[in-house]
Amino acid sequence: MTFAKMIEWLWSSIQSFGLWKFLLAIFLVVNLKTLPLVFHYRIFRPIIQNFLTKKRSHHVSIRCKDKNLPLVFLPCVTTTYTPLLEADYNLHKSNSTYFTDLDASRSHLLSYLCCRGVSLVDQELVAGGRRGIMAAIIGSVTTSFKMEIRIFQQYEVWSRILTWDQKWLYIVTHFVQKGSVKQIDLVTHTLSTGSISGGCARAESENSRDKPARPVIFATSVSKYVFKKGRLTVAPERLLRASGLLGESRKMGYLPAQHQGLRPRSVEATMNNINENGAIEIGQVIEKERLKGMKYANAWAELDPLHEELLGESETSDCVPTIGHFGDIAGYGISYR
């Protein structure tokens with residue numbers, strides 16, 4: 001079909017369909033991501049798929065370039081875009097809309113890695129008399145914005161497990177310019193062999209003199225999850241181990257009591273001790289990476305006391321001086337007390 005015939009066909013379609021209906025259809029397609037119930041589809045589709053298929057293999061690590069890479073710390077990548085209805089007055093992605101992308105990305109990551117462990121631990125707790133739904137509950141999210149994402153621009157969302165302790169599982173997410181980071185073959189396509197190989201090695205040999213370009217990162221987020229069965233808190237390590245992600249070593253997991261609350265220097269010292277002991281088991285490789293992530297988790301935890309800083313020193317909840325109470329779109333919602 002030539003370009004002229006394509007235009008002729010398009011114009012005839014508009015006339016038969018109706019101009020306003022045609023424009024409305026284009027508007028809905030362009031803003032598909034923000035339509036009602038699409039958010040729920042983005043969240044529940046990977047969860048349902050992974051729990052029905054349970055397609056993840058039992059590999060703890062993946063062999064790549066003579067290194068064992070723990071599967072638990074590998075990133076999950078999704079590609080999305082900025083529709084018109086997510087744009088702010090600068091025609092950039094609004095800061096408030098990053099959180100829906102975070103929900104979708106974390107849904108893919110946790111459902112792929114932990115669906116088997118969630119099922120096994122849930123069965124164990126039910127057998128022990130525990131009631132309630134097994135759920136991953138978001139506890140906190142912080143986001144640092146570095147660069148704008150333009151309207152209709154595609155970008156990638158990279159999420160990976162950062163670390164965990166006795167209660168919280170921490171996930172770090174990067175919003176990355178599409179194509180600025182080259183992926184090796186997808187793990188989901190190569191788990192049958194337990195090793196991955198891809199174009200990265202060939203690219204290095206062809207351009208060995210050129211340093212790889214730095215990734216273009218738009219924003220970085222850190223989220224923390226707690227796993228609950230009713231009112232019972234389930235340790236993240238228990239779920240990860242039940243998911244087959246931590247190997248056979250029992251010398252890992254959350255820090256011993258004497259190491260709780262380690263500051264960054266202490267964490268680095270612990271990591272160095274692991275290296276000096278010559279430990280090469282995959283379990284200790286995982287623990288080294290987990291301790292590395294604890295530096296950021298401990299720094300973030302220092303912000304938790306801000307939760308109690310709503311009132312000033314001389315203020316009480318029944319008498320707080322304010323600048324004013326200004327109108328917004330209050331709607332017809334219910335005020336719960």
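The lining of the second largest pocket draws at least two residues each from helix 3 (38-53), helix 4 (98-127), strand 4 (134-145) and strand 7 (217-229). Helices (H or I, at least four residues) and strands (E, at least two) are DSSP runs numbered from the N terminus. This is a predicted model, in which local features need pLDDT of at least 70 and side-chain atom pairs pLDDT 80 or more, while totals for chains, interfaces and linings use all residues. Residues are numbered from 1 along each chain as its sequence is written, and side-chain values use heavy atoms, without hydrogens or water.

Helix 4 gives the largest share of that lining, eight residues. In total 18 residues line the pocket, and Ile 47, Ser 107, Leu 110, Ala 136 and Tyr 225 lie nearest its centre. A pocket here is an open set of points on a 1 Å grid over the protein atoms alone, where a 1.4 Å probe fits, with protein on both sides within 12 Å along at least five of seven lines; lining residues have an atom within 4 Å of a point.

How do the two helices pack? Helix 3 and helix 4 meet at an angle of about 20 degrees, with their axes 8 Å apart; axes are lines fitted to C-alpha atoms over the stretch in contact, and angles run from 0 to 180 degrees between N-to-C directions. The two helices are therefore roughly parallel, a term for angles under 35 degrees.

Conventions
Parallel < 35°, antiparallel > 145°, perpendicular 65-115°, else oblique.
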